[in-house]
Amino acid sequence: YTSVVWWCGVALMGIGELGNFAAYGFAPASLIAPLGCVSVIGDAFISVIFLKETVRVSDILGGALAITGTYVLVMFAPHTTTHITALLIQYYVLSWYFLVYLLLEVLVFCILLYVYKWRKVKHIVIVMLLVALLASLTVISVKAVSGMIAESIKGQLQLIYPIFYVMLVVMIASCAFQIKFLNQAMKMFDATEVVPINFVFFTASAIVAGIVFYQEFEGLALLNIFMFLFGCLLSFLGVFMIARNKPKIKQDPDFIAMDKIPRKSHTDKVQPEAKTQTYGSLAAKLMCNSASRTHDES
């Protein structure tokens, strides 16, 4: 917390997410979500500059595919913008197709949560599906909150309606639980596996949310829909190629219990260092001291 670079990073992340939040108020959710592949491309190039990572052929090909896919989906995505008002959100919330969608989503979420928590099935697809289902609600609520704030700034006050605060609570709660499950996934699996799968699932859930709740594909030509999905597919392939690696489930580092060391009854644990063969420098020192005392007593 005393690092200036760390605080600059946090500030930049905050500004970026604020811009992403604002974008949902001015463009369809099905257009904003796939553009997240730009951040993956940026990560790949920034890691080369700052982390001195080597550029692979798959990085170049993946970046080209992602850029091409982004161009295609932007060209054929729905560009009609709807003024998001509180009354419109209330109408969408009470529509029968959204209520059916919400019921199915809650049912699937409960089943996946049961399998993950009580059946102890720690599979990455299950965790990422939990995140994606939450992300669907996040996208709906973020666009609603952002749109109503934008309308309020324009002069049509929307903050006096209860639906604004309902959506605000849904946004905060869904974001918090997303972070929780994502953190669990990052602990259990490698980032090269979590990042592309999360991007694909999040984008798919955002597109479905935009179609079901905001009816963003209504009146869109069949060719536009096909080319939009084709652009998304190219972006997905590009992201997978950039993040391609041999993902492995992360293993907890080995720890040496202090009570395993002679004359030590503590339950603390010492993490071994990479340069030592067995116990690590602290444990090795303790063992040496213990051996010396034993030798002196004898």
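User: Is lysine 154 buried or exposed?

Analyst: Relative accessible area decides: buried means under 20%, exposed over 50%, and partly exposed in between, with a 1.4 Å probe and protein chains only. Lysine 154 has a relative accessible area of 54% and is therefore exposed. Please note that this is a predicted model, in which local features need pLDDT of at least 70 and side-chain atom pairs count only at pLDDT 80 or more, while totals for chains, interfaces and linings use all residues. Residues are numbered from 1 along each chain as its sequence is written, and side-chain values use heavy atoms, leaving out hydrogens and water.

User: With which side chain does lysine 154 meet in a salt bridge?

Analyst: Side chains of opposite charge can pair when their charged atoms come close. A salt bridge is a side-chain nitrogen of Lys or Arg within 4 Å of a carboxyl oxygen of Asp or Glu. The partner of lysine 154 is glutamate 151, at 3.8 Å from N to O. Glutamate 151 is buried, with a relative accessible area of 6%.

User: Where do lysine 154 and glutamate 151 lie?

Analyst: An α-helix has 3.6 residues a turn, so residues three or four places apart point the same way. Lysine 154 and glutamate 151 are both in helix 7, three residues apart, which is about one turn of the helix. Helices here are DSSP runs (H or I, at least four residues), numbered from the N terminus.

User: How many salt bridges does the structure hold?

Analyst: The structure holds two. In the other pair, the side chains of arginine 56 and aspartate 59 meet at 3.0 Å, N to O. Arginine 56 is partly exposed at 32% relative accessibility, whereas aspartate 59 is buried at 14%.

User: What follows just after helix 7?

Analyst: Glycine 155 comes there, with a positive phi of about 125°.

User: How much space lies in the largest pocket?

Analyst: On a 1 Å grid over the protein atoms alone, a pocket is an open set of points where a 1.4 Å probe fits, with protein on both sides within 12 Å along at least five of seven lines; lining residues have an atom within 4 Å of a point. A volume is the space filled by probe spheres set on the points, which are joined across faces, edges and corners. The largest pocket has about 2,300 Å³. Its lining has 48 residues, with Glu17, Gly36, Ser39, Asp43 and Asn198 nearest the centre. Among the elements that give two or more residues to this lining are helix 1 (4-23), helix 7 (124-154) and helix 9 (191-212).

User: How much space lies in the second largest pocket?

Analyst: The second largest pocket has about 180 Å³. Of its 15 lining residues, Thr80, Thr81, Thr82, Tyr214 and Glu216 are the closest to its centre.
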